[in-house]
Amino acid sequence: MNLQINQNQINETHELHLTGEVDAYTAPKLKEVMLPLTEKDGSVVVVDLSGIDYMDSTGLGIFVGALKSSKANNSSLKLRGMTDRVKRIFEITGLTEVMDIESGVKGEAL
Amino acid sequence: MRTASDYIEMNVPAKPDYVGVVRLTISGLANRMGFAFDEIEDIKIAVSEAVTNVVNHAYADEDKGQVRIGCNIFDDRIEITVVDQGKSFDVDTISKNLGPVDGKSVDQLNEGGLGLFLIDTLMDKVEISSEAGVVVMMTKYLHRDEVEEHVDRISPAPSQ
């Protein structure tokens, strides 16, 4: 029931690797880390979701907020490594249409 | 119509800290009943959404109440009721924001409002009433596609 956030920075690219669950309890932590990164002009925020095994609408809301912030601040937000479960809720809610999502799931050899 | 064989109730503080605890408990019940992995994940999200709605509402009001989660376990379905024992929030306002992102521009996106939409999509039947507090009742059927009449009732585990 926790969320671990590992952060890497190479020049303007900030990479966040998330592990665990994103829900009402852990989402504020994600917002606190991710939102300021999207507020820097020209920054590229790449979020790796391959370690996320649960996400609900509170988590989706954080990504919507980050996307809005990136549009407003001339930065960009990319999501990658979604598991099928996480991808499903992005699809159901229609967020796959507006988010920059890199296809291909890491670590899920079928 | 068959009657409920078992009833489980939880009463937890309306705080984000407990959403995961409720989710894990429901997950355990659904697993016990024989739901498939994806169905269990759907139920987990739906329950978390309902509890999170109560939690967010309680926070907005600075009125940190309790949230009650009741589960009726039938042979063929689980019925989960989430009751907000605080003041009612305006269901009509929330319902207006229901729906996927379809065709909206980024500016129009609402950071909340996807919760009830997800509950509605992931569960088989959802009823919401707001007469005294808000009650969200949701049902998920077990093995809907099977015509198996001889499914065992949940039998007590053999004594260890």
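In chain A, helix H1(A) meets helix H2(A) through A:Ala27, A:Leu30, A:Lys31, A:Met34, A:Leu35 and A:Thr38 on its own side, and through A:Thr58, A:Gly59, A:Ile62, A:Gly65, A:Ala66, A:Ser69 and A:Ser70 on the side of H2(A), where contact means C-beta atoms, placed from the backbone, within 7 Å, and helices (H or I, at least four residues) and strands (E, at least two) are DSSP runs numbered from the N terminus. The residues of this contact divide into six nonpolar, six polar and one charged, counting Ala, Val, Leu, Ile, Met, Phe, Trp, Tyr, Cys and Pro as nonpolar, Asp, Glu, Lys and Arg as charged, and the others, Gly among them, as polar.

Please keep in mind that this is a predicted model, in which local features need pLDDT of at least 70 and side-chain atom pairs count only at pLDDT 80 or more, while totals for chains, interfaces and linings use all residues. Residues are numbered from 1 along each chain as its sequence is written, and chains are lettered from A and ligands numbered from 1 in the order in which they are written.

Now to the contact between the chains: chain B gives 23 residues and chain A gives 24. On the side of chain B that touches chain A, H2(B) gives the most, with seven residues.

Finally, chain B has an open sheet of five strands, in the order S1-S2-S3-S5-S4, with antiparallel pairing, and strands pair if DSSP finds at least two bridges between them. Its edge strands, S1 (6-13) and S4 (125-129), each pair on one side only. Strands S3 (residues 77-84) and S5 (residues 134-141) of chain B pair over eight bridges, and B:Val82 has B:Val136 in S5(B) as its bridge partner.

Conventions. Two residues are in contact if their C-beta atoms, placed from the backbone, lie within 7 Å.
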